[in-house]
Each structure stands twice: as structure tokens, then as C-alpha cells.
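Please keep the sequence and the coordinates at hand while reading.

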Amino acid sequence: MRIDILTILPRLLDGPFADSILQRAQDNGLCEIVIHNIRDYSIHKQKQVDDYQFGGGAGMVMMVQPIADAIDKLKSEREYDEIIYLTPDGERLNQGICNSFSLKKNIIMLCGHYKGVDQRIRDHYITREISIGDYVLSGGELAAAVLVDSIVRLIPGAMNDETSALTDSFQDNLLAPPIYTRPADYNGWKVPEILTSGNTPKVEEWRFEQALEKTKTRRPDLLG
Ligand code: ADE
């Protein structure tokens, strides 16, 4: 899988992909993450990328030209399955969307700033608009980092057995059950006995019940 990220603040994305699972996935050739500075594509004086909005009003708008040229160049080099715009007014991200994106081959992610991008970019290039939650970030970069992380960890081989995605919260529309490690007794705080019983079917049953109970109280919406 290849993920191209278009941003005006590339440095914001230096850190998130340089450690742990994301770094390993890139080192092992499971994915390639390429950051592009939109400013490099501006044909305007002083590499301008934003301008005042037509009709007046506070806040700048990201211009069509630099973004259009950046996307056109990428599209001339390979086919893209999705061109995603990270925006608070997009479709709210969930595990199902992450699962489906993890099966794609090439994805472009566009990070917005200021008031956002000129609507014509959204009309003519963007295939999916994604929000990571009902709150507003100062730009799309951190949202893109969240989206990349949630996708790449699902690529077969990105995680080993110990970090398997199959037992994640949301993977079966249930929150994850409580987990414990040694010692079985910490100053009188004991681990539930069933977990040290060695009875695997009973452990699985307990985990399912706990997950169901937690989901009922915290996120009944997930149970539909
Ligand atoms: N850009 C700013 N806020 C955002 C959000 N909540 N999700 C995605 N992109 C954003």
C-alpha cells in the first residue's frame, strides 16, 4: 500500500510515522508513506497557498492551483483508489471504514488548514471526506496521522500475534474486555480467578460477557 499525504505543514508529520508498528511496516515494505509539501506546487509569488474567501468573511481558504497540480502529478504516476480529505464536516471515522481502507493499494490524503480548501477541490478530486470526531483541530495533519495509524496496523503482517487486531475494541462492535498481567495479586488487588484457571473456553466466555457488559453501559449505540 502507498499513502501520499498533501500538507502545508510537513514537519507535523515527521514524528508519527517514525516509530513502532508504522516504522516497521515501512521498513518491511508493507506500506510506503510519502509526505508532500503543497507549497512546493504553488506557481504564485512567495509560494502562496491560501487566499481571502469570495463573498467576504473571516478566515483564509486553501487555493485550488497548488492542490490540483499536486494531485494531478500523483495521478499521472499511478492510479489511486481513494483521495481522502480530512475535515470536521466529513463522514465520522469508524473501524469499518479503517478495515476497508486497509485493503486499498494507493491512497492520497489531503490535510486542510484555515477555513479549509476551495470547494472545487472537493467537487472534482476528493472521493471520500473523513472526520476523526466531532471536534475541530487546527489542521488535518493530526487527523491524517490518526487515519494512517488506524489503517496501516490492519495490513496483514504489520502486527505480530501479540498485537493482533482481531481482539481490538470495535472489531466485532464490542469494546475490549478488561486485561491483566502478572502479578496475579498486587498488594491484595487480585486478578479475576477465571483468568488463572487455565480453562480457555471459560476464559473466552468470561471475556465475551465482560465485553458485552462494558459495551451495554458505555456504548449502547454500538449494539444497535
Ligand atoms: N481537521 C480539523 N478537524 C478535523 C477533524 N475533527 N477530523 C478530520 N480533519 C479535521
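The model is a predicted one.

**The ligand shell**

| Protein atom | Ligand atom | Distance |
|---|---|---|
| Backbone N or O of Ile132 | a nitrogen atom | 3.0 Å |
| Backbone N or O of Tyr135 | a nitrogen atom | 2.8 Å |
| Backbone N or O of Leu137 | a nitrogen atom | 3.0 Å |

Of the 260 Å² of accessible area that the ligand has on its own, the protein covers 96%.

**Glu141 in helix 5**

Is Glu141, a residue of helix 5, buried or exposed? Its relative accessibility is 1%, and because buried means under 20%, Glu141 counts as buried. When neighbours within four places in sequence are left aside, Glu141 is in contact with Thr7, Ile8, Leu9, Leu12 and Leu13, and also with Cys111, Gly112 and His113. With one of these residues, Thr7, the contact is polar and runs from side chain to side chain, at 2.5 Å. As for Leu13, its C-alpha atom is separated by 6.8 Å from that of Glu141, although the two residues are 128 residues apart along the chain.

**Helix 1 and its two faces**

Helix 1 spans residues 20-27, and within it Ile21, Leu22 and Ala25 are buried. These three cover an arc of only 100 degrees around the axis, so they are placed on the same side of helix 1. The face turned away from that buried side carries Ser20 and Asp27, both of them exposed. What covers the buried residues of helix 1 includes helix 5 (141-152), the helix in which Glu141 has its place. Just after helix 1, the backbone at Gly29 takes a positive phi of about 75 degrees.

Key: Residues are numbered from 1 along each chain as its sequence is written. This is a predicted model: local features need pLDDT of at least 70, side-chain atom pairs count only at pLDDT 80 or more; totals for chains, interfaces and linings use all residues. Side-chain values use heavy atoms; hydrogens and water are left out. Buried means under 20% relative accessible area, exposed over 50%, partly exposed in between (1.4 Å probe, protein chains only). Helices (H or I, at least four residues) and strands (E, at least two) are DSSP runs, numbered from the N terminus. The arc is that of the directions from the helix axis to the C-beta atoms. Contact means heavy atoms within 4.5 Å. A polar contact is a pair of N or O atoms within 3.5 Å; within protein, one must be able to donate a hydrogen and the other to accept it, and residues adjacent in sequence count only if both atoms are side-chain atoms. Accessible areas come from the Shrake-Rupley method with a 1.4 Å probe; for residues, only the protein chains shown count as cover.
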